Amino acid sequence: MDDIKAIQKLKSLGRHFPQASKEEENKPIRVAVTGAAGQIGSVLCFFIAQGRMFGPYQKVILQLLELPAAEGPLKGLCLELQDGAYPLLAEIRPSTNAEEAFKDADVAVLVGAKPRGPGMERKDLLNENAKIFKVQGEALDKVAKKTVKVCVVGNPANTNALIASHYAPSIPKKNFSALTRLDQNRALSQLSDKLKTRVEDIKNVVIWGNHSLTQYPDVNHGEVIGADGKRIKIRQAVNDDNYLNDAFISRVQKRGGEIISVMKKSSAASAASAACDHVHDWWVGTKPGEFVSMAVISDNNKYGVANGIIYSFPVVCKNGEWQVVNGLNIDEFSKKKFKATEDELLEERKMALNI
Ligand SMILES: NC(=O)c1ccc[n+]([C@@H]2O[C@H](COP(=O)([O-])OP(=O)(O)OC[C@H]3O[C@@H](n4cnc5c(N)ncnc54)[C@H](O)[C@@H]3O)[C@@H](O)[C@H]2O)c1
Ligand SMILES: O=C(O)C[C@H](O)C(=O)O
């Protein structure tokens, strides 16, 4: 009965979970989280233990990585996770050694990195954070499962994911991704506010490109379920192209900075929640007829984007694999936005090579 209530509760939050077999239920998966004791990591671990990432049946072993300087907070986090008495939490393994933390990992969420402060851009972090993702790419390559799914949260997330992938040549490039789901969620909530509609009634609004000021939040393929239950295009429902092409885009692009200017530190719980959405959909699958944003390796010049950068695309996921949605109509306005964010990612790649 409690299980049923838990599923209903999670379903009401807009997530869907397939029924796991008894065998799957008994086999915990290994989830590595870096920067576990930080702002995002410490919330994320509780979300994972509660089933927000893999559903209410899937047991997990949390393999938590921190710097030696944060050993105390890491220990404290482990004690608190224990005290949560989470039925899905099979084991907790804290470590300050990357190879130990990534050993046989099925999933790795790479959060541990320096956050930006007021007045900084995310790419200003590259100098310091690039080294972390080189070392962690090498460690993943050595000890993680070759099927490991990697979600990079630490900024600049797209280019850090590219660096980690570069240093993990034995793991397929498609297994490395970066988080742009927070930007997608921000776009959904802005539109829900504007349209006075439920956030779960808005679909297929996506982010293209970099998790940065040049990202392109795109409503052209989005739909909203109207009061009569019919699906309406977002542009038609909002009926204000000036807003959609200007204030809306700019608000989403700058939301991270807006939070920093108010809190004097960057987003934490919303980032942890988005990381759960990202990995959840990759692992469990996207809902029929829906696509979501994931920054993944660009290849075959999809939508004219240069190959070999980690670029956010609309994707669908099935059987643990993502696929870029094909055949969307792209107007001239969008093409310019695609190019601006692509240029920035190419520039970041060059900076990373120099480092
Ligand atoms: N992609 C996104 O949507 C998004 C959203 C929010 C924040 N971020 C980024 O996530 C990162 C973490 O943010 P935060 O607020 O949790 O920062 P934080 O400073 O609170 O926590 C970072 C943690 O990482 C640890 N750490 C640093 N280097 C490490 C390493 N090499 N190995 C393991 N652990 C290490 C630190 O000890 C610290 O506990 C930042 O780079 C931030 O900019 C990304
Ligand atoms: O803005 C930041 O630096 C943190 C994060 O990337 C965010 O979008 O909130």
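Here is a walk through this predicted model, from its ligand to its core. Residues count from 1 along each chain as its sequence is written, while chains are lettered from A and ligands numbered from 1 in the order in which they are written. Because this is a prediction, local features need pLDDT of at least 70 and side-chain atom pairs count only at pLDDT 80 or more, though totals for chains, interfaces and linings use all residues.

Let's start at ligand 1. It has 29 residues around it, and Gly 35, Gly 38, Gln 39, Gly 112 and Ala 271 are the closest (near means a C-beta atom, placed from the backbone, within 6 Å). Helix α3, residues 39-50, supplies the most to this shell, with 3 residues (helices are DSSP runs of H or I, at least four residues, numbered from the N terminus). Domain 1 (2-178) and domain 2 (181-354) each provide at least three residues of the shell; their bounds come from an automatic or database domain assignment.

Now for the inside. The largest nonpolar core has 92 residues, and Ala 108, Val 109, Val 153 and Ala 275 touch the most other members. Such a core is a set of buried Ala, Val, Leu, Ile, Met, Phe, Trp, Tyr and Cys residues joined through C-beta atoms within 7 Å, where buried means 20 or more other C-beta atoms, placed from the backbone, within 10 Å of a residue's own. Helix α12 (residues 269-284) gives this core the most, 7 residues. Both domain 1 (2-178) and domain 2 (181-354) contribute, so the core lies between them. In soluble globular proteins, nonpolar side chains tend to be buried together.

Terms used:
Helices (H or I, at least four residues) and strands (E, at least two) are DSSP runs, numbered from the N terminus. A residue is buried if 20 or more other C-beta atoms lie within 10 Å of its own, exposed if 12 or fewer, and partly exposed in between; C-beta atoms are placed from the backbone.
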